[in-house]
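Me: Can you walk me through the pockets and the ligand site here? Keep it short, please.
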Amino acid sequence: MTQTVLLLPGDGIGPEVVWQARRVLEAVDARHDLDLQFTEGDIGGIAVERSGQAYPAATRALANEADAILLGAVGGPQWDDLPAQERPERGLLAIRADLDLFCNLRPALLFPDLIGASSLRAELVSGLDVLIVRELTGGIYFGEPRGVVTREDGIREGFNTDRYDEVEIRRIGRLAFEAAQKRSGRLCSVDKANVLEVTMLWREVMEALSSEYPDVTLSHMYVDNAAMQLVRDPNQFDVLVTGNLFGDILSDIAAMLTGSIGMLPSASLNAQGTGLYEPVHGSAPDIAGDDSANPLATILSAAMLLRFSLDAPEAANEIESAVAVVLEAGFRTADIAERHSPASLIGTQAMGDAVIAALTD
Ligand code: NAD
């Protein structure tokens, strides 16, 4: 049966890295008879230029038909002066809300050959394998009321609202408990329950859920401590679950522990298993068009797409193994090259070639 993958390359390095991931998907398709069919749409700045909207109706129609979506990145300095509602980044928020992609999975996995590229000492990060489960469609990024108003005293005031209801907390909680069950059975819920009422409810709901998962050990941690612990002793964590804002920040901290933001994939899922897969990094306008971007985060996102949306775990494993082989062989894009290492420095296209070659070894 044909499985449709919608490609949304977006802006900056997005098209370069998505192109490499597509080539890798085509290569595993040929080996595993996955019968993939690719469609392509606009999102972000390119969509603003072509149709005046960051998430146009045509893209929306394709997204609602697709079995899975692979996105590059959106945004760039040329759109920074647009009003908030018209900026490319709105396209991302819109597609997440449209498809109800409430669960964001961000693995932070350190490949042994990249240990020297981590921002922490090798003994602290050796064996690092943390999964951050971030709620993606609620919290302060979506809460109303929001805005900037001029008060009666003439002073301008900006405000946002952090808001979660118990149904939203419970559904992300369940996926996090289930993820912990499939791993080492440890789940840490991150909140700020000493100050924020919304996270007091979060903690209460997580605690109530834990009785349904007796094989998972639940702990709680305040977000400031969690940020500190991630850089002090990251291996104490297995699965972390948290809200939208805290998850955004903690997953970027975890990114640095793995050596480069260019290595980190992510998956955003809805209740039906449709997923949007994208690298954690942005559009990197500073290196766009240089053939120097690291495509591995997008290639690893494609592996997650095969595993979570297309039920092709063997093909996913094959891609992940190929990435490990390429790193072991010493191939590096600039972002993960150690200053004095003998590694072969290669570009975006050559990294795609190397992964494809490793698939067929
Ligand atoms: P960024 O992730 O684009 O770049 C941060 C730094 O990391 C830059 O030095 C960049 O060159 C480098 N980098 C990022 N990805 C890389 C890769 N694959 N290979 C090698 N180096 C890489 O973040 P930023 O500079 O804060 O934002 C740039 C633009 O991207 C902004 O317009 C921002 O709004 C947008 N953005 C989009 C997303 C997304 O689409 N999900 C996420 C974050 C930022």
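Me: Where does the largest pocket lie?
Reply: The largest pocket lies between domain 1 (1–105 + 266–361) and domain 2 (129–257), because both give residues to its lining. Domain bounds come from an automatic or database domain assignment. This is a predicted model: local features need pLDDT of at least 70, side-chain atom pairs count only at pLDDT 80 or more, and totals for chains, interfaces and linings use all residues. Residues are numbered from 1 along each chain as its sequence is written, and side-chain values use heavy atoms, without hydrogens and water.

Me: What counts as a pocket?
Reply: On a 1 Å grid over the protein atoms alone, a pocket is an open set of points where a 1.4 Å probe fits, with protein on both sides within 12 Å along at least five of seven lines. Lining residues have an atom within 4 Å of a point.

Me: How much space lies in the largest one?
Reply: About 750 Å³. That volume is the space filled by probe spheres set on the points, which are joined across faces, edges and corners.

Me: New topic. How many residues surround the ligand?
Reply: 20, each with a heavy atom within 4 Å of the ligand. The closest are Val74, Glu89, Gly282, Ala284 and Asn294. The shell divides into nine nonpolar, seven polar and four charged residues.

Me: What lies 2.9 Å from a nitrogen atom of the ligand?
Reply: A backbone N or O atom of Asn294. A polar side-chain atom of Asp286 lies 2.9 Å from a ligand oxygen atom. Val74 puts a backbone N or O atom 2.9 Å from an oxygen atom of the ligand.

Technical notes
Polar contact = N/O pair within 3.5 Å; in protein donor to acceptor, adjacent residues only side chain to side chain. Nonpolar A, V, L, I, M, F, W, Y, C, P; charged D, E, K, R; others polar.
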